[in-house]
Amino acid sequence: MTEKPSGLFHRDRSWHPAALTPPYKTSVKRSPAAAPLAMPSTLSEDTGPVFTRDILGPQDADLIHNFASDGQSAIGPRIIVYGRVLDETGRGVPNALVEVWQANAGGRYRHKKESYLAPLDPNFGGCGRVITDEHGNYEFRTIQPGPYPWPNGPNDWRPAHIHFSIFGQSFGQRLITQMYFEGDPMIWQCPIVGTIPSREAIERLVAALDMRRTVPMDARAYKFDIVLRGVRQTMFENRMEGL
Amino acid sequence: MVQKLENLKESPSQTAGPYVHIGLTPNFSGITGVYDADLGTKMLGNAPKGERITITGRVLDGTGTPLRDALLEIWQADANGIYPGQDGADADVYGWGRCPTDMDDGTFRFETIKPGAVQNRDGTPMAPHVTLWIVARGINLGLHTRMYFADEAEANAADPVLKRIEHQVRVPTLMGQPQGDGTYLFDIHLQGPDETIFFDI
């Protein structure tokens, strides 16, 4: 270990959603009323699990095929989602585990508690994962999910979205968020999107259509970069990416 | 004008939603054949050093109702207080676990070993603890907390994090209660009179 200052950059809680956001009704009884207790991060938060590519199967980053029968594929607009995982200093985060989940093209999730009348796609499961390369790049293939109704307000619909869960270099960087699609008018009506205080912050979750990365006659591409909290330094030899 | 600071802003958080299991524990949610096993279900190898323990409990909302759609992750050191990735760490202690709450009764459960004391930044020891992170429908930003062990009273009294809590009356919300059989009970109250302390780390 070195003597350099360590730890995580503090989180800007005015940029993230507050805990209590009444238009998103479930937050009312699931939000702590007391303020979170500020503490400098310690080794317990500055360290975290490391995932290696051993855990990945050959189709983990291909949601079009990873649940499909042989010779079949999921129904829906074929897309590539790609981007970088960075930290707040702009460095790519290598070996970050990115896990995604989503509904099918009709907005139906493969989950026993889901009862929306849109049908399941027998060739679509809805989960995928990828580990970033040495520069923080990731890419996966899927179908564009559909919007779906949910029991919040009497007529609330989620915009098309893909859920993202990301591990950086430390447990204190842990983040779950959602990716939305450029141009979707439902984004600006959604109470969950609306938990984010500023339009500037919301736009950071909107993936851009990228016709240059689009593969002709195959799949359109969307770019989605993700920024994790900054890390002041890295203490371990297996994590040389620190300052 | 001064030079611009070039730091980026962190991506804003969003709720994990009710179907978090599809992505993070697909086998648990019935999506089989994609991944061999759900990540984080096994926290130990064949011969971990230390005392085997079970950490179990529920996550309760402001009405006292257990969440049946929450997901917890836990991160801890080995029996010597060394984290995986550090020199000398016990290779049979993976340190990280992930568990969804039961869809019927809302319980979570981790099979692990009791961690040793970890050094604080200034070199003083922290009392044995595990770090927890909780996400669910209705939680907009994942909640960080710690579970300490109620049967480590002396170490807890000297713990630098516990000592800095102004409202000492709330410290018991961070204590896992030993049940006498290696099980520690740790209920997490999101809101209300017994509200668990959450940290802004």
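Let's start where two strands from two chains run side by side: strand S1 of chain A, residues 37-38, pairs with strand S10 of chain B in the parallel sense, over two bridges. If you want to find the spot on your screen, look for Leu37(A), which stands opposite Phe199(B) in S10(B). Please keep in mind that what you see is a predicted model.

Now let's step back to the whole contact between these chains. How many residues of chain B are in contact with chain A? There are 72 of them, and they touch 88 residues of chain A. The size of an interface is often given as the accessible area lost when the parts come together. Here chain B and chain A bury about 7100 Å² between them, and 57% of that is on carbon and sulfur atoms. Which three residues supply more of chain B's buried area than any other three? They are Glu10(B), Gln14(B) and Ile201(B), and they supply 12% of the area that chain B buries against chain A.

On to the polar side of things. Between chain B and chain A we count 45 residue pairs in polar contact, with both residues at pLDDT 80 or more. Several elements of chain B supply at least two residues each to the side that touches chain A, including helix H1 (20-24), strand S2 (70-75) and strand S5 (129-136). The largest share comes from S5(B), with six residues. Sort the residues on that side of chain B by kind, and you get 35 nonpolar, 22 polar and 15 charged.

Next, the charges. Side chains of opposite charge can pair when their charged atoms come close. The structure holds 19 salt bridges over all chains, and the count between chain B and chain A is seven. One salt bridge to look at is Asp69(B) with Arg30(A), at 2.9 Å from N to O. Another is Arg98(B) with Glu99(A), where the closest N and O atoms are 2.8 Å apart. Arg98(B) sits in strand S3 of chain B and Glu99(A) in strand S3 of chain A, so this pair joins two chains.

Last stop: the aromatic rings. The search finds 15 aromatic pairs over all chains. Take Phe51(A) and Phe167(A), which are edge-to-face, 4.9 Å centre to centre, with 65° between the planes. This pair links distant parts of the chain, as the two residues are 116 residues apart. Phe51(A) is in the loop between helix H1 and strand S2 of chain A, and Phe167(A) in the loop between strands S8 and S9.

How values were computed: Residues are numbered from 1 along each chain as its sequence is written. Chains are lettered from A and ligands numbered from 1 in the order in which they are written. This is a predicted model: local features need pLDDT of at least 70, side-chain atom pairs count only at pLDDT 80 or more; totals for chains, interfaces and linings use all residues. Side-chain values use heavy atoms; hydrogens and water are left out. Contact means heavy atoms within 4.5 Å. Buried area is the accessible area (1.4 Å probe) that two parts lose on being put together, summed over both. A salt bridge is a side-chain nitrogen of Lys or Arg within 4 Å of a carboxyl oxygen of Asp or Glu. A polar contact is a pair of N or O atoms within 3.5 Å; within protein, one must be able to donate a hydrogen and the other to accept it, and residues adjacent in sequence count only if both atoms are side-chain atoms. Helices (H or I, at least four residues) and strands (E, at least two) are DSSP runs, numbered from the N terminus. Ala, Val, Leu, Ile, Met, Phe, Trp, Tyr, Cys and Pro count as nonpolar, Asp, Glu, Lys and Arg as charged, and the others, Gly among them, as polar. Two strands pair if DSSP finds at least two bridges between them. Rings of Phe, Tyr and Trp (its six-membered ring) pair if their centres lie within 6.5 Å; planes under 30 degrees apart count as stacked, over 60 as edge-to-face and the rest as tilted.
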